[in-house]
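Here are my notes on the model you sent, as numbered points. Please read them with the structure open.

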Amino acid sequence: MVTIGSSNGWVATQTVDEGILRLQDDLNPAVSDTHSKRIPLPPLVTLPRCQTQIVTNVSMSSSSPEDEDCVVAAKFLGPQLRFCRPGERNSEWTNVRIENPCFYSSRVMFSKKDDMFRIPGSGGHLIGSWDLCEHIKEPKLQRLRFQNFPKLTKTKGDLMDSCCTTDLLVESITTGETFLVKWYKKTAKIIKGVAKMKTQELMVFMLDEQGNAVYTEDIGDLCIFLSKSEPFCVPASSFPGLLPNYVYIFDVTKSHLSIWLVTPSLVELVNSRPLTIFHLRM
């Protein structure tokens, strides 16, 4: 069994031999291990010249896959994207072949504000949006214009150019704001042939309806959570112990917790494990 990630508190797993996707409510604190739910998703059918062994992530449109109107999106490495409604009887996947290669390695997220599944293209200059009605085969595309981009030294620019960059969309339910997070990582060491990545830089851009992506170091009372699961953000004031204007990064491949101060450069403050915390200086 391979753990893919989670969405809305449900953990997505995939069996190694059969490739069956399942949703489990393991992250629900009110559920015991003996009474946790296991919901299998429909059997996978691989489109021509696609693969279904490597799943990028899974995203859900509501808090439970048992809701009748809940839609689950599964994004695979490459051009294949799938949708299903687990709450329906005899549920089947709706298969979508993504034509633009810039979306092949990106993650999918659900926007409650737009009621659509969205994927940022590699580089963050393009966002594709899909739903099960009007934009199922042809996505709605939005081009982004980056503004207020900070000036970088040549050393920092060269470092960021050498990094592996992940572009992630995060939406705040409480404020209605949408952020694009650029996550820069670089191989720190290789253990048994597996590269262990370390975060080098983080940049947050606030998006508007006109496609402007404005660099910001102030997200107010919000804090953002990044991991291999679907990213999310919450008001820090609603959860004692959380810090406003921070980005929390959980990386299961790392063995320590680092607290970083985010300006145009990062300064490591504390070592522990296994969380990385970034502060957006106002």
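1. Strands β6 (residues 72-76) and β7 (residues 80-84) are paired antiparallel, with four bridges between them. In this pair, V72 faces C84 of β7. Strands here are DSSP runs of E of at least two residues, helices are runs of H or I of at least four, and both are numbered from the N terminus. Two strands count as paired if DSSP finds at least two bridges between them.

2. On the basis of the model: this is a prediction, in which local features need pLDDT of at least 70 and side-chain atom pairs count only at pLDDT 80 or more, while totals for chains, interfaces and linings use all residues. Residues are numbered from 1 along each chain as its sequence is written, and side-chain values use heavy atoms, with hydrogens and water left out.

3. The β6-β7 pair belongs to an open, antiparallel sheet of four strands, ordered β5-β6-β7-β8. β5 (55-60) and β8 (94-97) are the edge strands; each has a single partner, so one side of each lacks a neighbour in the sheet. From one strand to the next the twist averages 15 degrees, taken between lines fitted to C-alpha atoms, with angles running from 0 to 180 degrees between N-to-C directions.

4. β5 and β6 are also antiparallel, over five bridges, and V58 stands opposite A74 in β6. Is β5 mostly covered or mostly uncovered? It is mostly covered, as six of its six residues are buried. Buried means under 20% relative accessible area, exposed over 50%, and partly exposed in between (1.4 Å probe, protein chains only).

5. The loop between β5 and β6 contains S61, which counts as buried because its relative accessibility is 13%. A polar atom of the S61 side chain lies 2.8 Å from the backbone nitrogen of V71. Residues up to four places away in sequence aside, S61 touches D69, C70, V71, F110, K112 and F117; contact means heavy atoms within 4.5 Å.

6. The largest nonpolar core has 17 residues, and L21, L23, L41, V58, V72 and W93 have the most contacts inside it. β2 (10-14), β3 (21-24), β5 and β6 each supply at least two of the core residues. A nonpolar core is a set of buried Ala, Val, Leu, Ile, Met, Phe, Trp, Tyr and Cys residues joined through side-chain atoms within 4.5 Å. Beyond four places in sequence, the contacts of W93 include L21, L41, V72, A74 and C84.

7. Another core, of 16 residues, lies apart from the one above; among its members are V170, I219, L226 and F278.

8. F179, in strand β15 (residues 178-191), counts as buried because its relative accessibility is 0%. F179 and V204 are 25 residues apart in sequence, and their C-alpha atoms are 6.6 Å apart. With neighbours within four places left out, the contacts of F179 include V170, V204, F205, I219 and I224.

9. For the whole protein chain, the count is one helix and 23 strands. Of its 282 residues, 50% count as buried.

10. Confidence: the chain averages a pLDDT of 86, and 87% of the residues score at least 70; pLDDT is the predictor's confidence in each residue, from 0 to 100. Residues 255-272 fall below 50, although this stretch has 60 contacts in the model beyond near neighbours in sequence. Where pLDDT is low, the predicted coordinates should not be read in detail.

Note on methods: A polar contact is a pair of N or O atoms within 3.5 Å; within protein, one must be able to donate a hydrogen and the other to accept it, and residues adjacent in sequence count only if both atoms are side-chain atoms.
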